[in-house]
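This report covers a sheet, the helices packed on it, and some aromatic pairs. The sequence and the structure come first.

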Amino acid sequence: MKETELVGVQKTLSPVLKAKALDNRLPDPILGDEYAEQVMQCLDPGYDKRRFGTSQLGLAAVVRAKAHDDWARSFLADHPDAVVLHLGCGLDARVYRIDPPATVDWYDLDYPSVIELRRRFLPPREHYTLIGSSVTDLAWLERVSHDRPVLMIAEGLVPYLTETDVRRLLTSVVDAFPAGQIQIDTVPVWAWRTSKWDPTLRKYGARFHSGFNDPAELANWHPRLEYVDEAPMNDSPILTAKAPANIRRAYRLMNLLPGMKRSTRIVRFRF
């Protein structure tokens with residue numbers, strides 16, 4: 001893959017995909033995503049050969065993906081006719097991991113260059129549509145049926161949007177559908193304000209544009225929206241149970257730092 005194919009925030013899909021690929025090598029994986037390892041090999045064949053190439057420090061991102069997967073499976077079990085909006089999908093193989101029934105219409109949306117990579121590396125399937133668009137250009141909503149319950153998943157997306165764009169996205173989805181569930185993850189204000197110095201984000205020419213100290217308050221943006229709950233990430237029991245010993249120790253130490261346990265909040269809402 002040419003480096004010029006992805007720019008800015010689009011490049012952040014690589015470290016997340018790498019974390020999922022390396023998780024698949026564990027004796028007892030958290031996510032167990034074979035597609036992640038296959039796609040990572042295509043995207044960057046030497047990804048595991050460089051210094052720290054096999055480090056499992058990214059497992060918290062895998063925990064985040066599993067939390068979203070578990071919530072999605074639960075919602076689709078109760079709403080087998082749902083429409084799924086997987087926004088900022090990157091090269092995540094969620095639709096293949098969950099393998100929803102044919103009664104579910106699933107939409108994966110990301111920038112056109114990312115969608116082209118998905119077409120190249122991931123197989124097509126029925127009742128599955130790819131949309132190449134900016135999430136903030138809400139014209140894409142017109143391509144989706146609005147007469148059924150909706151599941152909106154935005155993993156690793158919201159911090160890269162402005163608060164205005166987040167509010168417009170969430171309220172537009174609530175207005176467009178009769179009922180549904182919204183799953184997002186957010187960062188606190190301090191993480192947003194210091195993101196321009198974050199070495200990982202600087203490496204990819206990206207930064208955060210919003211932060212929320214109490215993401216439950218986003219439910220106040222729409223009278224039909226209701227906060228449901230939050231899933232753990234950096235202190236998740238599954239991370240403690242399945243991560244290699246050195247990674248467990250690293251996360252225990254990081255979680256002693258103020259704010260680190262909830263440096264990412266995985267939250268869901270319903271309406």
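In which sense do strand β5 and strand β7 pair, and over how many bridges? Strand β5 (residues 180-186) and strand β7 (residues 265-270) are antiparallel, and six bridges join them.

The model is predicted, so local features need pLDDT of at least 70 and side-chain atom pairs pLDDT 80 or more, while totals for chains, interfaces and linings use all residues. Residues are numbered from 1 along each chain as its sequence is written, and side-chain values use heavy atoms, without hydrogens and water. Helices (H or I, at least four residues) and strands (E, at least two) are DSSP runs numbered from the N terminus; two strands pair if DSSP finds at least two bridges between them.

**Sheet and helices**

The open sheet has seven strands in the order β3-β2-β1-β4-β5-β7-β6, with mixed pairing. At its edges, β3 (128-132) and β6 (226-231) each pair on one side only. Neighbouring strands are turned by 20 degrees against each other on average, direction ignored. Axes are lines fitted to C-alpha atoms, for helices over the stretch in contact, and angles between N-to-C directions run from 0 to 180 degrees. Contact means heavy atoms within 4.5 Å.

Helix α3 (residues 59-78) packs on the sheet and makes about 175 degrees with the direction of β5. Helix α6 (residues 163-176) lies across β1, β4 and β5, at about 165 degrees to β4.

The axes of α1 (residues 13-23) and α3 come within 8 Å and cross at roughly 90 degrees. That makes α1 roughly perpendicular to α3 (65 to 115 degrees). V16, A19, K20 and D23 in α1 meet L59, V62, R64 and A65 in α3.

**Aromatic pairs**

Rings of Phe, Tyr and Trp (its six-membered ring) pair if their centres lie within 6.5 Å; planes over 60 degrees apart count as edge-to-face. The whole structure holds five aromatic pairs, including these two:

| Pair | Centre distance | Plane angle |
|---|---|---|
| Y160 and F208 | 5.2 Å | 70 degrees |
| Y227 and F269 | 5.9 Å | 70 degrees |

Y160 lies in the loop between β4 and α6 and F208 in the loop between α8 and β6, so the pair ties together parts 48 residues apart in sequence. Y160 and F208 are both buried (under 20% relative accessible area). Y227 in β6 and F269 in β7 are 42 residues apart.

Technical notes
Parallel < 35°, antiparallel > 145°, perpendicular 65-115°, else oblique. Phe/Tyr/Trp six-rings, centres within 6.5 Å; stacked < 30°, edge-to-face > 60°. Buried < 20%, exposed > 50% of the residue type's maximum accessible area, 1.4 Å probe, protein only.
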